[in-house]
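Reader: I would like to go through this structure with you, beginning with the overall fold and ending at the ligand.

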Amino acid sequence: MPRGPKGVSAGASGLTAEKVGVRFQSLAAVSDVTLTVRRGEIFGLIGPNGAGKTTLVNCLTGFQSPTGGRVLLDDRDTAGWGPDHFRKAGVARTFQAGRLFKDMTVVENVEVTGVGMGLSRREARARGMTVLEWLGIAGKAEQTAGSLPYTDERRVGIARALVMSPAFILMDEPAAGMSDAECEDLMGLVSSMPSLYGCGVLLIEHNMSVVMGVCARVHVLDGGRSVAEGTTAEIQKNPAVIGAYLGMEA
Ligand SMILES: Nc1ncnc2c1ncn2[C@@H]1O[C@H](COP(=O)(O)OP(=O)(O)OP(=O)(O)O)[C@@H](O)[C@H]1O
Ligand SMILES: [Mg+2]
C-alpha cells in the first residue's frame with residue numbers, strides 16, 4: 001500500500017453492503033443493495049434526491065443499522081457496530097452538512113478527531129496541519145469553525161476524516177455548493193487520495209461529469225434500489241441510468 005502524508009493506513013481491503021435494506025416505518029429507503037468498495041479505488045454512488053445514498057452510507061459507517069442484510073468489513077460482520085467502532089476499524093466519513101464543533105478552531109476540530117483515534121495532541125495537531133495544508137485551508141486553521149462558509153466546513157470534514165489515516169473514506173456530496181473551479185480543485189485531491197493515503201474512496205456526487213472524471217466504478221441507486229453498477233463507460237451508456245438522471249433533472 002502506498003505511503004501517504006500521514007503514513008500507511010492499516011486495515012481492511014473491502015467494505016461491503018450485502019443485500020442491505022433500511023425501512024423507516026412504511027418507507028423502504030434502501031432495498032436489497034449489494035456493493036463493495038475496494039481499498040485503492042474511487043467508487044461513485046449516484047442517484048436522484050431521496051434515492052437512498054446517504055442512508056446507505058449511514059449503514060456503511062455505523063450511523064444506521066440495516067433492517068435487512070449485512071455490512072461486512074472484509075469478511076467481518078459489523079452487526080452491532082456503532083460509528084466509533086467503524087472509525088477505529090478504519091472507516092471514515094464526511095457529512096452533507098458540517099457537523100463541526102463550531103466554537104473550536106479549524107485545527108482543533110481536526111486535532112480532536114486525531115486524539116480520539118489515539119494520537120497524542122502534538123501528533124494529532126501536526127498531522128492535522130499537514131492535511132489542512134494539503135486541502136488548501138491551513139490559512140484558516142486558527143479561525144473558529146462556526147465562522148467558515150459551508151464549502152470550507154466540508155473541507156474541514158474531509159480533514160477530520162483523513163487525519164484518521166482511514167482504510168476507507170466515504171464522502172457525501174463534498175463538492176455541493178462549490179464553484180466549478182473549487183470543485184475541480186477538490187476532485188483533483190480526491191483523485192489522489194488512494195495513492196497518497198492508501199484508502200478506498202466512496203464518493204456521492206450529483207454532477208455526472210465530475211463522477212465520470214474521478215470514479216473507476218459507479219453504482220446507481222433510484223428509489224432505494226440498485227439500478228446499475230459498472231465502469232464509468234458502462235454506466236454512461238446504460239438506458240436505466242439515463243432514465244433515472246433525466247428524471248432527476250426534469
Ligand atoms: N431518519 C429518517 N427517517 C425517515 N425517513 C428517512 C430518514 N432518513 C432518510 N429518510 C428517507 O429515506 C429516503 C432516502 O433518503 P436519503 O437521504 O438516503 O437519500 P439521498 O439519496 O441521500 O438523497 P439526497 O440526494 O437528497 O441527499 C428519502 O425518502 C428520505 O426522506
Ligand atoms: Mg443524501
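This is a predicted model: local features need pLDDT of at least 70, side-chain atom pairs count only at pLDDT 80 or more; totals for chains, interfaces and linings use all residues.

Reader: Which strands stand at the edges of the open sheet of 4 strands?

Author: The pairing in this sheet is antiparallel, and the order of the strands is E2-E1-E4-E5. Each edge strand has a single partner strand, so one side of each is left without a neighbour in the sheet; the two strands in this position are E2 and E5 (76–77).

Reader: How many bridges join strand E1 to E2, and which residue of E2 is the bridge partner of Gly14?

Author: Strand E1, residues 14–24, runs antiparallel to E2, and 8 bridges join the two. For Gly14, the bridge partner in E2 is Arg38.

Reader: Which element gives the most residues to the shell around ligand 1?

Author: The residues around ligand 1 include Phe24, Leu27, Gly52, Lys53 and Thr54. Two elements give two or more residues to this shell, strand E2 (27–38) and helix H1 (53–60). The helix H1 also packs on the sheet, where it touches E1, E2 and strand E4 (68–73). With 3 residues, the element that gives the most to the shell is H1.

Notes
Residues are numbered from 1 along each chain as its sequence is written. Chains are lettered from A and ligands numbered from 1 in the order in which they are written. A residue is near a molecule or strand if its C-beta atom, placed from the backbone, lies within 6 Å of it. Two strands pair if DSSP finds at least two bridges between them. Two residues are in contact if their C-beta atoms, placed from the backbone, lie within 7 Å. Axes are lines fitted to C-alpha atoms, for helices over the stretch in contact, and angles run from 0 to 180 degrees between N-to-C directions.
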